[in-house]
Amino acid sequence: MSSPSLLQPSFLLANLKADATNKPLMHRIQDLMKIIDEYPAKELHPIFPWLVESMFGSLDGIISGWNLRLLHSRSHEYAVVLDFLNPSGPMMKLVYKLQAEEYKYELPVNYLPGPVKACIQEGVLPDCPLFHNKLQFPPPGVMTPNIALDPFEFFMFHLAYCLVAPRNCLQPQLSSSTDSAYFVLVDMYLKYFLPVEGSVPPSPFSDARGSVTAPSPRASSVSFAGYGVHSPSLLKHHIFHQSSVNADPAAQEIWRSETLLQMFVEIWLHHYSLDMYQKLQSPQVKLALLQYRLSMSSMPCQPHAPPGSGTFHTYQVLLPFHSPPPLWGLLEEPFSPSEEHVLVVRLLVKHLHAFSNSLKPEQPSSSPSAHSHPSPLEEFKRVVVQRFVQQKLYLFLQHCFGHWPLDASFRAVLETWLSYIQPWRYTGEKTNPQPDQNRTVPDKWETFIHENLLLYTKLFQGFLNRAVRTDLVNVKNALMVFRVAKVFAQPNLAEMIQKGEQLFLEPDHILHHRQPRGYLTPSQGGSYLSTRQRVVMDTVFKVKSHVYSLEGQDCQYKQMFGSEVRGAVMKFIQIIAQARHTAKRISDHSNEAATSSSFLSWFGLGSSDLNNTFPGAEPEDSGECLKKTHEFLDRALENLCGIFKLNQGQLAQLLSNLSSSQDDGHSRQLPDCIQGENGLVLTDLGRMQIINGLRRFEVQYQGDPELQPIRSYESALLVRFLYRVSSLLNDRFQAHMSALCSRSDFLGRLGRRFLTEPEPSVRLKRSPMSRRTLERSLQPRLSLRPLASYRTLLLLLLFYALGALLSFGPLSSTALLLTGALLYGVAMTLFVEKLKTQ
């Protein structure tokens, strides 16, 4: 249906725009509810794009909208906004009104994810059927094409895009993102359109035919071409868009669930690097996928339209064989998902597992001829995870593993990964007599593990590469190591992963005699192979197809339980043991410092330098946190040994040798270095030792002692004042002090004690930067900076107070103080001279 031009907005639209700047949000929402109820679809059609943009913000980031990400339950508008936008609220009623009239809304291709945009620009059909048959060729002079979306797709696109819009990176996150209106709204839509119990509620607004009009039917082959690369349980008919008049009414409603999921997956997960795009576009991968689809699908081949017929789906026949040169510039957009983005993806993963696990078990039929067809929603549950999410989530997590900062915020990515690889946690079963660490993975999940092999093995290796570069003394990083080791240590899981690797490494020649999926009887021309042999070959083919579809036909698979990864795990265990030892030393040092720090330190009996803390110590790495770190690392070691079947005797010997060699004296050695042209250069081992707090360079101030940073125990005003006074005295009497200190008699030695610094007994090795600096020749000088210390001031105050009690005046007390200092210097000079003569 042709839509009226939006260049001339209606009177209603003009009033709404004026109210947007004058009325508060709650009043505007009340007005919108009345308008949606009273006005027909023809009048609401022009305001719909503006209304969606005013809620979720513009795609270019200029308009912020209602700021759903920053709207939390403490706000007065929170409940009103959720009531208006909930899946059965007024806004969705407007969507269904417009859907019944089959309106279309154009969206620039530039706002689609990079890989989808590149496919369209190259003239290749995107993998996702959501964008099929929607391309609108631009008029002459316009370079950017558009896609035409129906109202439901248009609304869902903006809802999903709100999370990744550019403006989100510039706004501060003031509180937990899981409490925001956006997070709660996404959860509501997932539970409504992907229900764990029951079916999808019918739309509240119906047309004359009794249901909201679904989008035009797609060819049945589109579903298989878009997703049928991972699961053998391919649908025998297209469940999402029934073209038959007598189709099941539930099938007419399932398109909303499909559209919602496709929008979320495409906008949130369909991002990957240039190298990955090139790999997935290689002819070898496409040919392998085509062979898989043809062998797994029992449907006859559908004739395609000849090239040049004008329909965009004609590229489907060219897709496996034709790959024009990619437009690489389209994929150079930076993709840095935020922590909030990852948390929403985890919400999606957890709900999809619960949705898929709610599939009703198949009931055995009483007669062979009777066939009970499951409902479209049940068929959707059967294939939703493998077909819609697996590939894009793998690429998304792989990107995060390689680009996320080495800090504790990686916990969000880690938990998303662990949620996906543990679907048995979301079965809805409340009874759990076994503890988590003793819970055995049911055998029925072996197929899921094999069909998701890379998400277990490749991502575990990616985590291992990250973990060896993090500070495991930090309790948050130690917790992440413990979480991963605990998950993979679940009984049966390692064995299932290892079996999946063995299936992938099976020789390819066993697939050459693979039979069709129907398994005809010998009388019908079928195979005489046993059922078990056919099942094994089918499983091998599925595992190989999974790996090749994600990593390419020429991938070099590295076994998780191979010798190379096993060696890396042994090195990682050493790092864990070193971190445990470091945590113990930090804890012991903190306990000693806490015991020695008392009021007596003000009198010179303790260390006055508050900055002299143990290296590697952080606010969270003290007390109870260090105890938790030690506990997490201990349990992680135990779990890793169970996963990789490590010899306990060798491990105990390794840990004992490590503990004996890392005493306090050994830990104070320099990190591993090599001598370079400009000084010491750290090796990779030395960097690891510094990161984990195992060794360190002794840091020493090498500048002018009078210009050191002002300490917390010093008066800044007195430091600056006394520095000026001492500078004036040193400049005025420099010649006399130098002459005095150059004498070799007793007066010269006494002068050197008061006017020069003592030579350090140990001269430290210096870094390349400090080595290039010139050695400063220390000249005799008078230093008054010790008088600026609060401890010294307190001692002087107590001394003068004692003198006042003994009837000494200020001058007498000062003379007595100077005399005592002189006698102390004389005694120390004689004592040191006597020691040298002996």
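In E3, which residue is the bridge partner of glutamine 136? The points below give the answer along with other features of the model.

1. Basis. This is a predicted model, in which local features need pLDDT of at least 70 and side-chain atom pairs count only at pLDDT 80 or more, while totals for chains, interfaces and linings use all residues. Residues are numbered from 1 along each chain as its sequence is written, and side-chain values use heavy atoms, with hydrogens and water left out.

2. Overall composition. The protein contains 33 helices and five strands. These elements are DSSP runs numbered from the N terminus, with helices being H or I of at least four residues and strands being E of at least two. Of the 838 residues in the protein, 45% are buried; buried denotes under 20% relative accessible area, exposed over 50%, and partly exposed the range in between, with a 1.4 Å probe and protein chains only.

3. Contacts and surface. Among contacts (heavy atoms within 4.5 Å) between residues at least 6 apart in sequence, 80% join residues at least 24 apart. The protein exposes about 43,400 Å², of which carbon and sulfur atoms supply 57%. Accessible areas come from the Shrake-Rupley method with a 1.4 Å probe, and for residues only the protein chains shown count as cover.

4. Sheet. An open sheet is formed by three strands in the order E1-E3-E2, with antiparallel pairing. Its edge strands, E1 (105-108) and E2 (135-136), each pair on one side only. Strands pair if DSSP finds at least two bridges between them; E2 and E3 (residues 146-149) are joined by two bridges and run antiparallel. The residue asked about at the outset is asparagine 146, the bridge partner of glutamine 136 in E3.

5. Aromatic pairs. Rings of Phe, Tyr and Trp (its six-membered ring) pair if their centres lie within 6.5 Å; planes under 30 degrees apart count as stacked, over 60 as edge-to-face and the rest as tilted. The count by this rule is 29 aromatic pairs. One of them joins phenylalanine 48 and tyrosine 105, whose ring centres are 5.1 Å apart with planes at 50°, so the pair is tilted. This pair links distant parts of the chain, with phenylalanine 48 in helix H4 and tyrosine 105 in strand E1, 57 residues apart. Phenylalanine 48 is buried, at a relative accessible area of 0%, and tyrosine 105 counts as buried at 4%.

6. Phenylalanine 561 lies in the loop between helix H22 (531-551) and helix H23 (563-596), and phenylalanine 644 in helix H24, so the pair ties together parts that are 83 residues apart in sequence. Both phenylalanine 561 and phenylalanine 644 are buried.

7. Charges over rings. A charge sits over a ring if NZ of Lys or CZ of Arg is within 6 Å of the ring centre and within 35 degrees of the ring normal. Arginine 466 lies over the face of phenylalanine 410, 3.8 Å from the ring centre. Lysine 544 has its charged end over the ring of phenylalanine 504, at 5.2 Å from the centre.

8. Positive phi. Asparagine 67, although not a glycine, has a positive phi of about 55°. Asparagine 67 is placed in the loop between helix H4 (48-56) and helix H5 (78-85), and is partly exposed, with a relative accessible area of 29%.
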